[in-house]
Amino acid sequence: MKLVCIDCGQEMSSNDFIYHCTCGGLLDIVHDFHNYDADFLKHLFNERLAERMTPYASGVWRYKELICPELPEDCIVTKYEGNTGLYSSELIQRYTGLNQVSLKAQSENPSGSFKDNGMTVAVSHGKYLGYKNFTCTSTGNTSSSLAMYASIAHANSYVFVPNKDISINKVLQTIAYGSHVFSISGTYDDGIQFLEKYSSDLGLYVCNSINPFRIEGQKSIVYEIAQYLNWDLPDWIIVPGGALSNATALGKGLHDLFTLGFIEKMPRVAIVQADGACPFHKMIAQEKNELTPELRPYTRASAMNIGNPPSWKKAMHIIRQTNGITISVKDDEILDAKAIIDKSGIGCEPASAATVAGLRNLVSQRVIDKEESALCILTGNMLKDTDALNEYHFGESNHSTFKNALHPTSLAYDTIKKYIL
Ligand SMILES: *Cc1c(COP(=O)(O)O)cnc(C)c1O
Ligand SMILES: [Zn+2]
C-alpha cells in the first residue's frame with residue numbers, strides 16, 4: 001500500500017499524513033493485489049458475514065485486505081457501518097420506467113449517510129498516527145460522521161459548516177455528538193481552502209475527501225453491493241455528485257473487483273448533479289479538460305451544493321474507465337423523486353434522490369435502455385433534512401406533485417371512515 005500522486009506519479013509512504021504532493025496534486029492509495037487469491041478472499045468475505053461485534057462485522061472492515069491491509073486491528077474505530085439494505089420497489093420501477101432497478105440504502109449507516117464508510121477508515125488511520133484532533137469542512141453529513149467517530153475514539157473534532165443553505169438537523173447531530181462547530185460566513189469551498197492552508201500548522205487530521213483513506217473506505221459500498229448480488233453487478237450504477245468522492249470511490253472499487261476477477265464486466269457509472277451546482281457535468285458535457293468552479297452554487301439538495309469539487313480529476317478518470325456519463329437535474333425533479341422514494345418506504349434525503357431523478361431522465365432519453373438494469377446509491381437518511389419534508393408536504397409550492405397533506409379533522413367516525421380505502 002503506497003500513496004501515489006495523481007498528477008506526477010511520485011510515490012510516498014502511507015505512514016505519513018499528507019494529502020498533497022509537492023507538485024500540488026492529490027494523492028491516491030495504490031495497492032499491490034498481485035499475490036491475492038480471489039477465491040480465498042471471496043470465501044473469507046462470505047465467512048465474515050457471520051461476525052458479530054468484531055471489526056470484521058463492519059461492512060467496511062469485512063474487506064480490510066482491499067482497503068487498508070496494514071492497519072493494526074486495535075486501531076480500528078468502528079460502529080459496524082455498512083451492512084445496508086438493497087431494495088427494489090414497484091413504485092420506483094414505474095417512476096423510472098425500468099423494470100430492473102434497485103436502491104442501495106447507505107442512508108442506513110450509523111450516522112445516517114454513506115460518509116461513515118469512509119470516515120471509519122480516516123479516523124482509524126488518524127488514530128494509528130497518534131492524532132487526537134480531527135477536522136473537516138462539511139455541508140453537514142461529513143461533520144456528523146466525523147463527530148460520531150471522533151467521540152467513539154475519545155478524540156476531538158473541529159468542524160466548519162457554512163452558516164446558510166445547510167440542514168439544521170445535520171448541524172444539531174454534529175453538536176450533539178460533541179464536536180466543536182464553527183459556523184462560517186463562507187461556502188464549503190472556502191472552508192476547504194482554509195484547511196488546505198492551515199490544518200497542518202494547527203495539528204489537525206483532515207477528514208475531507210481529499211484524504212485518500214476516506215476514498216478507500218467508500219470503495220466498500222460497491223464491494224458490498226457485488227457480494228450481496230453474488231458478484232454479478234447491474235448494467236448501470238447511479239451516484240449523486242457533490243465533492244465527487246463517492247463517484248471516485250465507486251470507480252476505484254469497480255476497478256479493484258474487475259482486476260481481481262471478482263466481476264467479469266464493468267458496469268457503467270452515471271454521475272448526477274443538480275442544475276444549480278453542476279461544474280463537473282458542464283465540464284464533461286462541453287468536453288473540456290479543466291473544471292471551471294461555480295462561485296455561487298445553489299441547490300436545495302444541500303449535500304451537493306459544491307461549486308469546486310476537489311476530486312474532479314479522480315472522477316474524470318472514473319468516467320473514462322467505466323464509459324461513464326454525467327447528467328444534471330432540476331431541484332423540483334429531485335424533490336419529486338425523493339417523495340417517491342420516501343413513499344416506497346425506503347426514504348432518503350434530497351441529494352440521494354438525484355439518482356432516481358437522473359435515472360428517470362436517462363431512461364426517457366433512451367440513454368439507458370428499458371431492458372437494462374440499474375442500481376441507485378442512496379446517500380443520506382430521510383430525517384437528515386426535515387425542513388425539506390416540511391416544505392414539500394406542508395408548504396405552498398405547487399411543484400410538489402406527490403404532496404401528502406395532513407387531514408385536520410374532528411374525531412368523528414363518519415368523517416374518518418371516508419378516508420379509509
Ligand atoms: C456527501 C454527500 C453527497 C455527495 O457526495 P460526494 O462524495 O461529495 O460527491 C451526496 N449525498 C449525500 C447525502 C451526502 O452526504
Ligand atoms: Zn505530484
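The dialogue below moves from the whole chain to a sheet and then to single residues.

Biologist: What should I know about the model and its conventions?

Modeller: This is a predicted model, in which local features need pLDDT of at least 70 and side-chain atom pairs count only at pLDDT 80 or more, whereas totals for chains, interfaces and linings use all residues. Residues are numbered from 1 along each chain as its sequence is written, chains are lettered from A and ligands numbered from 1 in the order in which they are written, and side-chain values use heavy atoms, with hydrogens and water left out.

Biologist: How many helices and strands does the protein have?

Modeller: Helices (H or I, at least four residues) and strands (E, at least two) are DSSP runs, numbered from the N terminus. The protein has 16 helices and 13 strands. Its radius of gyration is 21 Å, close to the 22 Å of the globule rule for 421 residues, so the protein is as compact as a globular protein of that length. That radius is taken over C-alpha atoms, and the rule is 2.2 Å times the number of residues to the power 0.38.

Biologist: What percentage of the residues of the protein count as buried?

Modeller: Buried means under 20% relative accessible area, exposed over 50%, and partly exposed in between (1.4 Å probe, protein chains only). Of the 421 residues, 58% count as buried.

Biologist: In what order do the six strands of the open sheet stand?

Modeller: Two strands pair if DSSP finds at least two bridges between them. Here the order is E4-E5-E13-E10-E11-E12, with mixed pairing. Strands E4 (86-87) and E12 (325-329) stand at the edges with a single partner strand each, so one side of each lacks a neighbour in the sheet. E4 pairs with strand E5 (residues 100-105) in the antiparallel sense over two bridges, and Tyr87 stands opposite Leu103 in E5.

Biologist: Which strands does helix H9 touch?

Modeller: Contact means heavy atoms within 4.5 Å. Axes are lines fitted to C-alpha atoms, for helices over the stretch in contact, and angles run from 0 to 180 degrees between N-to-C directions. Helix H9 (residues 220-228) packs on the sheet and touches E4, E5, strand E10 (236-240) and strand E13 (373-378), its direction making about 130 degrees with that of E5. Helix H13 (residues 331-343) also packs on the sheet, touching E5, strand E11 (268-274), E12 and E13, and its direction makes about 95 degrees with that of E12.

Biologist: With which side chain does the side chain of Ser328 make a polar contact?

Modeller: A polar contact is a pair of N or O atoms within 3.5 Å; within protein, one must be able to donate a hydrogen and the other to accept it, and residues adjacent in sequence count only if both atoms are side-chain atoms. The partner of Ser328 is the side chain of Asp275, at 2.5 Å. Ser328 is in strand E12 and counts as buried at 19% relative accessibility.

Biologist: Is Leu244 buried or exposed?

Modeller: Leu244 counts as buried, at 2% relative accessibility. The residue lies in the loop between E10 and helix H10 (245-259), and has a positive phi of about 75 degrees although it is not a glycine. Asn323, in the loop between helix H12 (312-321) and E12, has a positive phi near 50 degrees. Asn323 is partly exposed, with a relative accessible area of 49%.
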